[in-house]
Amino acid sequence: MIESRPADAGWLEVHSENYFGAGGQPHAFLEALRADYPLSLHGVGLGLGSPDALDVEHLRRLQHVIERYQPGLVSEHLCWSAAAGRHLNDLLPLPYTEEALDHVCDRIQRTQEFLRRQILIENISSYLRFRHATIPEWAFVAEIARRTGCGILLDVNNIYVSAVNHGFDPRAYLAAMPSHAVQEIHLAGYDDGGECLIDTHGTAVSNRYGRCIAKRCPVSARARH
Amino acid sequence: MQSLPELQRALAAALMAPDATPPDSIIGAGGMDAGAALAVYRNNVFANYRKALRDDFPAILALVGQGFFQSACDAYAREHASQSGDLNGFGAAFMEFLEIWPPARSLAYLPDVARLEWAIHLAFNAAEAAPLQLESLAAVPPGLVPQLRWHLHPSAVLIESRYPVYAIWRISTLAPEGNEQVDLDAGSDRLLVVRRGASVEIEPLALAEWTALTALAAGGTLADVHADASAIDSAFALGSFLQRHVAAQSIVAFQVPHDPNYAGRLI
């Protein structure tokens, strides 16, 4: 990309944590690319739904990357990833309960206050859900956006994978998303694992859900790193 | 009814334990039972830990093979809980772990190879520094020159081992399929790991030069550096040592006396 600088890439998305180091090649490349492309910073490690205290050191490092690169968008995942002092470094699903809603809204609000900007939350795909959940996932996401003013990074692949895995209609999910809050969309492919669909983000977009979302959301060109 | 934090702590514990009973509240996707659903996540969690260590310790992987390396990773991950959502620091204690993990006991050189690889990993991401112009020394009053303290490049790490870890590392990462052997009794290594431009370099050092850089990294003055290195080699040439390492950007700054901001770094 450094050499070709494709003109049809309108902007770039990178993983925030890859730029938490002080210097070296990652920053050299990103600085070179940033001169030509707007940036979306996409984090995987903050754990907005985690029970332990918010990781202030993580937030500081993220803030440093934001100050250095002035991204147009900053996003994280709607998930939890650490408990009892151990990071699991994965995107774990929350039970969609009032308790979880209150907890994650508080964490998102404090994150936005710390960073002095809006963040987007991305819906994850999941391979389990919880018996005691009282709120459909799409209502959970919409309510978070309403309460906190955060934006939504809508991962359509994840909606489709979760819809098949948990037996809900993906169109209900899409219909429930507040359009003004959706500021970025992820489109990617999945693998059919037999018992369930596995979100690998590794294959081309399938026709079936491509048609599903084309009706709902305009798509703009983007490259992902 | 479990609270959210109680549920999350129970799930986290179950993810680390292969035979754990899943919490009651889990419903697996697509008809999977709760145990199978938990296993999907457990596989992901350990796959992420293993990938982080594979990326940072390719020589160790080449030396011990996939199966042994995976067992080491999994045991390490259980004992040294990941402390951050950023996995870049996850391997920091892998060297200490290899020193005491019973299956690795007979591979006495392994922890030092891991130390070298960790230094390379840190150097890759370390901060930048502008080169030092040695001519700026001319502005320092001659009487103060012996008291000057020096800064190594932020990426610089000094590694010492009783094993020939540089040769072991080189063969493991550059020619793992070949037949080149390493004589473990070939003598110790003293190495400078430093990033120059975009690449991390490993420079073997003679004992006097090692002593000089060690003294410098520990906050020694130019006089200390000269004294320590000359004790090893009476022919040690301080001037050309300085010139060479400033030109090579291993040394990037000097500091006049009484400046409180000096900090050295040594492994």
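In chain B, helix H2 (residues 34-56) passes helix H4 in a right-handed crossing; a crossing is left-handed if the near helix is turned anticlockwise from the far one by less than a right angle, and right-handed if clockwise. The model is predicted: local features need pLDDT of at least 70, side-chain atom pairs count only at pLDDT 80 or more, and totals for chains, interfaces and linings use all residues. Residues are numbered from 1 along each chain as its sequence is written, while chains are lettered from A and ligands numbered from 1 in the order in which they are written.

Helices (H or I, at least four residues) and strands (E, at least two) are DSSP runs, numbered from the N terminus. The axes of H2(B) and H4(B) (residues 66-79) lie 9 Å apart, and the packing angle is about 110°. Axes are lines fitted to C-alpha atoms, for helices over the stretch in contact, and angles run from 0 to 180 degrees between N-to-C directions. H2(B) and H4(B) are therefore roughly perpendicular to each other; angles under 35 degrees count as roughly parallel, over 145 as roughly antiparallel, 65 to 115 as roughly perpendicular and the rest as oblique. From H2(B), the residues B:Phe46, B:Tyr49, B:Arg50 and B:Leu53 meet B:Gln70, B:Cys73, B:Asp74 and B:Ala77 of H4(B). Two residues are in contact if their C-beta atoms, placed from the backbone, lie within 7 Å. The contact of H2(B) with H4(B) comprises five nonpolar, one polar and two charged residues. Here Ala, Val, Leu, Ile, Met, Phe, Trp, Tyr, Cys and Pro count as nonpolar, Asp, Glu, Lys and Arg as charged, and the others, Gly among them, as polar.

Chain B as a whole contains 10 helices and six strands. Its radius of gyration is 24 Å, well over the 18 Å that the globule rule gives for 267 residues, so chain B is more spread out than a compact globule. This radius is taken over C-alpha atoms, and the globule rule is 2.2 Å times the number of residues to the power 0.38. The C-alpha trace of chain B spans about 80 × 50 × 30 Å along its principal axes.

An open sheet of three strands is also present in chain B, with the order S3-S4-S5 and antiparallel pairing. Its edge strands, S3 (157-161) and S5 (199-204), each pair on one side only. From one strand to the next, the twist averages 25°. S3(B) and S4(B) (residues 189-196) run antiparallel and are joined by five bridges; two strands pair if DSSP finds at least two bridges between them. Within this sheet, B:Leu158 stands opposite B:Leu192 in S4(B).

In chain A, helices H2 (residues 56-69) and H3 have axes that come within 10 Å and cross at roughly 45°. That makes H2(A) oblique to H3(A), and the crossing is right-handed. A:Leu59, A:Leu62, A:Gln63 and A:Ile66 of H2(A) meet A:Thr111, A:Phe114 and A:Leu115 of H3(A). This contact has five nonpolar, two polar and no charged residues. The axes of H3(A) (residues 98-115) and H4(A) (residues 137-148) likewise come within 10 Å and cross at roughly 45°. H3(A) is therefore oblique to H4(A), again with a right-handed crossing. Among the residues that meet here are A:Leu101 and A:Ile108 in H3(A) and A:Phe140 and A:Arg147 in H4(A). By class, six residues of this contact are nonpolar, three polar and two charged.

Between the chains, the contact takes 37 residues from chain B and 40 residues from chain A. Helix H1 (4-16), strand S1 (26-28), helix H2 (34-56) and helix H6 (110-125) of chain B each supply at least two residues of the side that touches chain A. That side of chain B has 20 nonpolar, 13 polar and four charged residues. Strand S7 (residues 128-130) of chain A pairs with S1(B) in the antiparallel sense over three bridges, and A:Arg129 stands opposite B:Ile27 in S1(B).
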